[in-house]
Amino acid sequence: MSSVLYDAQGPRAKRRNVLFTVVFLVAAAAVLWWVITSLNDKDQLAWEKWKPFFSSTEAWTTYLWPGLQNTLKAAALSMVIAMPLGAVLGIARLSDHRWVRVPVSIVVEFFRAIPVLILMIFGVALYSEYTNVSSDDRPLYAVVTGLVLYNASVLAEIVRAGILSLPKGQSEAAMAIGLRKNQVMRFILLPQAVTVMLPAIVSQLVVIVKDTALGGAVLTFSELLASVGPMSGYYGANTIASFTIVALIYIAINFSLTTFASWLEGRLRRGKKSTGAVLPPAAVGGAESTGAGGAGGGIGL
Amino acid sequence: MFDFLEGYDLLGAFWVTVKLTVFAGVGSLIWGTLLAAMRVGPVPLMRGFGTAYVNIVRNIPLTVIILFTSLGLSQTLGVNLGADTFETINFRLSVLGLIAYTSAFVCEALRSGINTVPVGQAEAARAIGLNFTQVLTLIVLPQAFRSVVGPLTNVLIALTKNTTVAAAIGVAEAAALMKEMIENEAQLILISAVFAFGFVCLTLPTGLILGWVSKKVAVKR
């Protein structure tokens, strides 16, 4: 075991570890006991509250599946629109012409600095005042607008970092054999950069899926999270059970995306065809918009 | 031109945003550091707990967590964190939710900072006879802290933007006020510009100042 922080352990350290383990177990058991008793006091552990999710498919077909479909629809739409837009913005930010580079940089930095929720609220009002989008569609449009504006700028940064991470010799060699600037970008830089930034793009998907929930909580978009309200109302205030199931669905989707991203990263790093450089998911810090872009795929929200 | 601002407490709303950011920031720094300590520590059980916490919390939308603190914790289980008015209850609940969420990212940032310190540094330190505490406080942690200023800045900026989610449970911060103003006034573009400007004022300087600090203190390798 080699860690920067501690050595291979001797007998005294091992005894201390056992002590820590016991103390931690006792503390964890106390918290767990408190959670279970308070859940029990409010009758949230009763089988009736959980039954709808396990004994029949009604809860799934009426509430969860339609909500999940909307979540996935909004996320997919946002990704499909934001990706080309982000690529264009990212390449434009690398332009040799100051009059292209500067305005695009301002746009990208501006949308990265603003919370997605603010963009979504703006979107709803925009569609209701200036367009004739029906009021049923408005929440979806607003959610997608907010997500596209924010994530296109984050993806632009990913694209830019991906291209900048390539060795300089690549574009020098390409120019030496007589390719034009746009050919260098299309034939030499972009294809290599795509492999470099794939993991970061996949983890940006997690941020997008998470941010669709804002639409349900604030904008009456009927996605997965929004199904908790009517569902717990219908099944007799099983709030805790509904939240647990919805959270588990989000975890299942996002955890598989995260795992895929890190598998991809490891595979690309080992691969012989690329330069071996890979943008780690957290490279740009966007995320986590929730942006919490940060770590591990942005924090983004 | 800006007379639509009259009658609204714009500064008050942004002040709530700032307060949410500061309280949640301090709280998640503490809880995140504890989690990071568990994740890099020698006790397998605590390592497992840290890993599970980070992986679970990171993959749940913040909106779900915040809504759960209100509908689940407060209204169903009666956890009110010692507050009695509607306003303070929701404020404290959203701080709790923000801490629970953000600390997972703080933990990952700190852990990656510790991992950037080459093992050779600690081995060299042990070779010249430093004991564990000295290795930790003189060699490893100073280098680790200096390399995480950048990632932690990103987490802080994300947190600032994430405080808007508190609007979902009725905390009167900037996004909630923006929604109210747009409903009442016919000044969509101007109102949005004002709020966008407010957030740019909060996040851009943070990023610039701390970005400068992180370059200044970074360990050149």
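**Entry 1: chain B as a whole**

I began with chain B, whose secondary structure comes to nine helices and zero strands, with helices (H or I, at least four residues) and strands (E, at least two) taken as DSSP runs numbered from the N terminus. This is a predicted model, in which local features need pLDDT of at least 70 and side-chain atom pairs count only at pLDDT 80 or more, while totals for chains, interfaces and linings use all residues. Residues are numbered from 1 along each chain as its sequence is written, chains are lettered from A and ligands numbered from 1 in the order in which they are written, and side-chain values use heavy atoms, with hydrogens and water left out.

I then looked up the extent of chain B and found that its C-alpha atoms fill a box of roughly 70 × 45 × 25 Å along the principal axes. Of its 221 residues, 51% count as buried, where buried means under 20% relative accessible area, exposed over 50% and partly exposed in between, with a 1.4 Å probe and protein chains only. For contacts (heavy atoms within 4.5 Å), I noted that in chain B, among those with a separation of 6 or more, 75% come from residues 24 or more positions apart.

**Entry 2: a loop residue in each chain**

Which residues have a positive phi although they are not glycine? I noted Thr220(A), with a phi of about 55 degrees, and Leu81(B), also with about 55 degrees. Thr220(A) sits in the loop between helix 8 (181-218) and helix 9 (228-234) of chain A, and Leu81(B) in the loop between helix 3 (62-76) and helix 4 (86-116) of chain B. Thr220(A) is exposed, at a relative accessible area of 68%, whereas Leu81(B) is partly exposed, at 34%.

I also looked up Ser232(A), which is placed in helix 9 of chain A and is buried, with a relative accessible area of 11%. Leaving aside residues up to four places away in sequence, Ser232(A) touches Ala237(A), Asn238(A), Thr239(A) and Ser242(A).

**Entry 3: what the record says about chain A**

In the model, residues 18-36 of chain A are 100% helix and 0% strand, with the end C-alpha atoms 26 Å apart. Residues 106-128 of chain A are 91% helix and 0% strand, and there the end C-alpha atoms lie 28 Å apart.

**Entry 4: aromatic rings**

I searched the whole structure and found 15 aromatic pairs over all chains, counting rings of Phe, Tyr and Trp (its six-membered ring) with centres within 6.5 Å, and calling planes under 30 degrees apart stacked, over 60 edge-to-face and the rest tilted. One of these is the edge-to-face pair of Tyr127(A) and Tyr141(A), at 5.5 Å centre to centre and 85 degrees between the planes. This pair links distant parts of the chain, with Tyr127(A) in helix 5 (residues 116-130) and Tyr141(A) in helix 6 (residues 138-164) of chain A, 14 residues apart. Tyr127(A) is buried at 16% relative accessible area, while Tyr141(A) is partly exposed at 37%.

Phe260(A) and Trp263(A) make a stacked pair, at 6.0 Å centre to centre and 20 degrees between the planes. Because they are three residues apart in helix 10 (residues 239-270) of chain A, they are separated by about one helical turn. Lastly I noted one aromatic cluster, formed by Phe24(A), Trp31(B), Phe49(B) and Tyr53(B).
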